[in-house]
Amino acid sequence: MEWTTYLFLVFISAVRGEFTSIFLVRNSSYDNKAFIASKLISTSHYRSVFDCAADCAKNHECKSTTFNADTHICQLLSAHKEAISNTTTKKTTGWVYFEKLITTYDVMPTTSTTTAVTVSPSSFDCSQWHYFNGHWYFMDSTPRTFNDSRTFCASKSPSAYVIEVNSAAENGWLVNLTSTQCHAAKEYWLNAYNLNNTKLFTWLESNTTAVYNNWEIGEPSHVAETCIVSDTMYGGEWADIICAYLRPVVCEKNS
């Protein structure tokens with residue numbers, strides 16, 4: 001299995017019921033890639049990638065980090081690599097790259113008012129709707145088939161749908177919600193069928209072709225497995241499974 005992971009490091013409560021979360025997300029496209037030397041903040045030695053990521057999380061200048069698991073060298077960078085990388089590779093292999101993402105999300109009120117409920121990270125309520133990047137999300141840990149999960153989400157008021165993950169940030173949010181905040185890391189349904197056993201598919205709610213995916217190496221793996229899950233135990237890697245299997249669900253609805 002490819003080493004793909006999300007490192008959730010800092011959760012800070014803010015005013016008006018908002019959370020600011022700082023976490024680092026793996027972007028394997030820039031593993032082993034060189035970068036402009038002027039963007040290097042510091043070079044250190046750490047025992048693990050977690051220590052390296054923690055260093056970046058607490059450094060306001062740091063936007064990304066690259067860590068070598070063989071030499072334990074940690075390099076903090078002042079920009080994301082799409083802005084500073086070139087086509088060459090490092091002289092050695094083993095470098096893994098993470099980008100810092102800072103997101104703000106809210107807790108949905110239980111009434112029809114638009115005033116948010118003020119909470120702290122220690123009182124994060126997994127039974128409520130939670131806001132991220134213009135959408136609301138509700139986690140339900142009850143295992144259901146994919147079709148039953150679609151029915152469950154549609155029965156919410158107002159009607160919702162099984163989560164459709166359109167970016168690495170949203171996939172990271174799914175891991176954050178289910179694993180970091182609610183301690184319920186499992187495989188969660190995604191709202192699509194993979195009928196052709198390819199990496200290409202169409203989201204059922206938005207009826208749009210998926211432009212982002214996070215397939216585990218070797219997936220999709222079987223033509224009979226026509227449903228898709230995001231495994232939040234392994235950084236939100238995707239796999240195809242049989243639709244009759246029982247899995248929990250995160251429902252999504254637009255603002």
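These notebook entries record what I looked up in the predicted model above.

**Entry 1. Conventions**

I number residues from 1 along each chain as its sequence is written.

**Entry 2. The chain as a whole**

I listed four helices and 15 strands in the chain. Both are DSSP runs numbered from the N terminus, helices being H or I of at least four residues and strands E of at least two. Of the 255 residues, 49% count as buried; buried means under 20% relative accessible area, exposed over 50%, and partly exposed in between, with a 1.4 Å probe and protein chains only. I then looked at contacts (heavy atoms within 4.5 Å). Among contacts between residues at least 6 apart in sequence, 68% join residues at least 24 apart.

**Entry 3. The sheet S12-S13-S14**

I traced an open sheet of three strands in the order S12-S13-S14, with antiparallel pairing. Two strands are taken to pair if DSSP finds at least two bridges between them. Strand S12 (187-193) and strand S14 (237-241) are the edge strands, each pairing on one side only. Neighbouring strands of this sheet are turned by 35° against each other on average, direction ignored. The axes are lines fitted to C-alpha atoms, for helices over the stretch in contact, and angles run from 0 to 180 degrees between N-to-C directions.

Strand S13 (residues 227-231) pairs with S14 over five bridges in the antiparallel sense. For Ser 230, I found the bridge partner in S14 to be Trp 238. Helix H3 (residues 146-154) packs on the sheet and touches S12 and S13, its direction making about 85° with that of S12.

**Entry 4. Strand S15 and its partners**

I next examined S15, which is mostly covered, six of its eight residues being buried. Strand S10 (residues 135-144) pairs with S15 in the antiparallel sense over seven bridges, and Phe 138 stands opposite Cys 251 in S15. Strand S11 (residues 161-162) also pairs with S15 in the antiparallel sense, over two bridges. There the bridge partner of Tyr 161 is Glu 252 in S15.

**Entry 5. Salt bridges**

Arg 247 meets Glu 187 at 2.7 Å, N to O. This pair links distant parts of the chain, with Arg 247 in strand S15 (residues 247-254) and Glu 187 in strand S12, 60 residues apart. Glu 187 counts as buried because its relative accessible area is 18%. Asp 140 meets Arg 144 at 2.9 Å, N to O, and both Asp 140 and Arg 144 are buried.

**Entry 6. Aromatic rings and charges over them**

I counted 13 aromatic pairs. Rings of Phe, Tyr and Trp (its six-membered ring) pair if their centres lie within 6.5 Å; planes under 30 degrees apart count as stacked, over 60 as edge-to-face and the rest as tilted. Trp 129 and Phe 138 form a tilted pair, 5.4 Å centre to centre with 40° between the planes, and both residues are buried.

I also checked for charges over these rings, the rule being NZ of Lys or CZ of Arg within 6 Å of the ring centre and within 35 degrees of the ring normal. The charged end of Lys 156 sits over the ring of Phe 138, 4.1 Å from its centre. Lys 253 lies over the face of Trp 129, at 4.0 Å from the ring centre. Elsewhere I noted one aromatic cluster formed by Phe 201, Trp 203, Tyr 212, Trp 215 and Trp 238.

**Entry 7. Leu 177**

Is Leu 177 buried or exposed? Leu 177, in helix H4 (residues 168-181), is buried, with a relative accessible area of 1%. Leaving aside neighbours within four places in sequence, I found Leu 177 in contact with Phe 124, His 130, Tyr 137, Met 139, Cys 182 and Val 250.

**Entry 8. Asn 27**

I located Asn 27 in the loop between strand S2 (19-26) and strand S3 (33-35). With neighbours within four places set aside, Asn 27 is in contact with Tyr 97 and Glu 99. Asn 27 and Tyr 97 are 70 residues apart along the chain, and their C-alpha atoms are separated by 6.0 Å.

Notes. Predicted model: local features only at pLDDT ≥ 70, side-chain atom pairs only at ≥ 80, totals over all residues. Heavy atoms only, no water. Salt bridge = Lys/Arg side-chain N within 4 Å of Asp/Glu carboxyl O.
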